[in-house]
Amino acid sequence: MRLLVIGASGQLGRALVEEAPEWDFEAMGTYESRPAASASPPLQHFHLDMTDAKEVESVFEKAKPDACVLAAAYTNVDGCETDKAMADRINVEGTRNVAEACKRRNCLFVFISSDYVFDGKKGPYSEEDEPNPINHYGRTKLEGEKIALGVKEHLVVRTTIVFDFREAKNFATRLAERLRAGEQVLVPVDQVGSPTWAPNLAEAICELISEKKRGTYHVVGRDLMNRFEFALTVARFFALDERLLKPVKTADLAQAARRPLKAGMKINKAKKELQTKLLGVKEALDEAEERGMLGKFAEQC
Ligand SMILES: NC(=O)c1ccc[n+]([C@@H]2O[C@H](COP(=O)([O-])OP(=O)(O)OC[C@H]3O[C@@H](n4cnc5c(N)ncnc54)[C@H](OP(=O)(O)O)[C@@H]3O)[C@@H](O)[C@H]2O)c1
């Protein structure tokens, strides 16, 4: 099985190329602006800007994948709100280019989506619930899902609050960084979701591919908690000063994009069909420590 991971320089993409050999997949990755982040030899590594249909075609010609996971996106939720044209170009047009390349070769297309396709009025959500995005990022992800459904061989994996302590850009890492610097951090108490450890998500995605599953799956960590509870768990694990965490309402943060508040996802389908155990936050932190995956925070716990 030749597996092309688009966005291998991102947190999920990196975890996927690391996990792939466990499933006997021959992984190849792409990066857009950060070639070094996932350069773990002997990985074959291509530059790709997925908004360029010709470059997508040329990478597929070289990689000849049997399956392609699209783990690349414009993931800055407020950025998507303030630059909708860029969000559309990357998350919709880019997705269409990759989907078309998959269609031409009958390659499995795995699209990574989000609980932000839901409005956050009555989460946690199951695969059967009706999407109704309330911000532009969510709208682009829903468009991406519709494009994926047009590819005969497809999987849509919805996830949320992805974290990995080896990566600089996620809620948990930024939080730990700021607490370590002695800064006060405002954390919303009214945003509920299911924090998901990237290597655990990558394992579940590889199993879905290996088991030839098709359709839509919710794959998230098994804890449903608000951001403040998540922040507290992280602070306590790394023995950081939890008094610096200040509970606030999402509205107080005056962010550009609205956030679905009562979000998170039900994982009954994934639990029933997969062997991969979906981890709670504390379990994920313990496993990250055991496997030496705490990055620069390792010395702190
Ligand atoms: N993070 C979350 O909490 C979360 C929650 C729900 C769903 N998701 C979804 O999960 C997937 C993975 O998220 P992540 O957190 O791992 O993302 P990430 O760390 O922000 O990485 C984004 C990846 O996209 C690549 N990329 C950006 N623009 C590109 C373009 N024009 N062409 C090709 N590649 C491009 C980046 O490449 P360079 O860095 O090399 O530029 C990077 O590899 C995304 O689809 C995201 O929407 C994430």
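1. Glu55 counts as partly exposed because 16 C-beta neighbours lie inside 10 Å; a residue is called buried if 20 or more other C-beta atoms lie within 10 Å of its own, exposed if 12 or fewer, and partly exposed in between, with C-beta atoms placed from the backbone. Glu55 lies in helix H2, residues 53-63, where helices (H or I, at least four residues) and strands (E, at least two) are DSSP runs numbered from the N terminus. Leaving aside residues up to four places away in sequence, Glu55 touches Leu48 and Asp49, a contact being two residues whose C-beta atoms, placed from the backbone, lie within 7 Å. The C-alpha atoms of Glu55 and Asn97 are separated by 9.5 Å, although these residues are 42 residues apart along the chain.

2. A word on the basis of these points. This is a predicted model, in which local features need pLDDT of at least 70 and side-chain atom pairs count only at pLDDT 80 or more, while totals for chains, interfaces and linings use all residues. Residues are numbered from 1 along each chain as its sequence is written.

3. The largest nonpolar core has 96 residues, and Ile6, Cys68, Val69, Val110 and Ile205 touch the most other members; such a core is a set of buried Ala, Val, Leu, Ile, Met, Phe, Trp, Tyr and Cys residues joined through C-beta atoms within 7 Å. Helix H7 (residues 198-210) gives the largest share of this core, eight residues. Val69 touches Leu3, Val5, Ile6, Leu16, Val110, Ile112 and Ile205, again not counting residues up to four places away in sequence.

4. Helix H1 (residues 11-19) packs with H7 at an angle of about 55 degrees, their axes being 8 Å apart; axes are lines fitted to C-alpha atoms, for helices over the stretch in contact, and angles run from 0 to 180 degrees between N-to-C directions. That angle makes H1 oblique to H7, since angles under 35 degrees count as roughly parallel, over 145 as roughly antiparallel, 65 to 115 as roughly perpendicular and the rest as oblique. Among the residues that make the contact are Leu12 and Leu16 of H1 and Leu201 and Ile205 of H7.

5. In helix H8 (residues 227-237), the buried residues are Arg227, Phe230, Ala231, Thr233, Val234, Ala235 and Phe237. These pack against helix H6 (171-180), strand S8 (185-188), strand S12 (225-226), strand S13 (245-248) and helix H10 (281-290). H6 and H8 pack at an angle of about 55 degrees, with axes 10 Å apart, and are therefore oblique to each other. Their contact is made by Ala172, Leu175, Ala176 and Leu179 of H6 together with Ala231, Val234 and Ala235 of H8.

6. Some backbone values deserve a careful look. Most residues other than glycine have a negative phi, and most peptide bonds are trans. Asp24, in the loop between H1 and strand S2 (26-31), has a positive phi near 60 degrees, and Asp24 is exposed because 9 other C-beta atoms lie within 10 Å. Lys212, in the loop between H7 and strand S11 (215-218), also has a positive phi near 60 degrees, and Lys212 counts as exposed with 9 C-beta neighbours inside 10 Å. Just after H8, Ala239 takes a positive phi of about 55 degrees.

7. The peptide bond from Gly123 to Pro124 is cis, with omega near 0 degrees, and Pro124 lies in the loop between strand S5 (108-114) and helix H5 (136-149).
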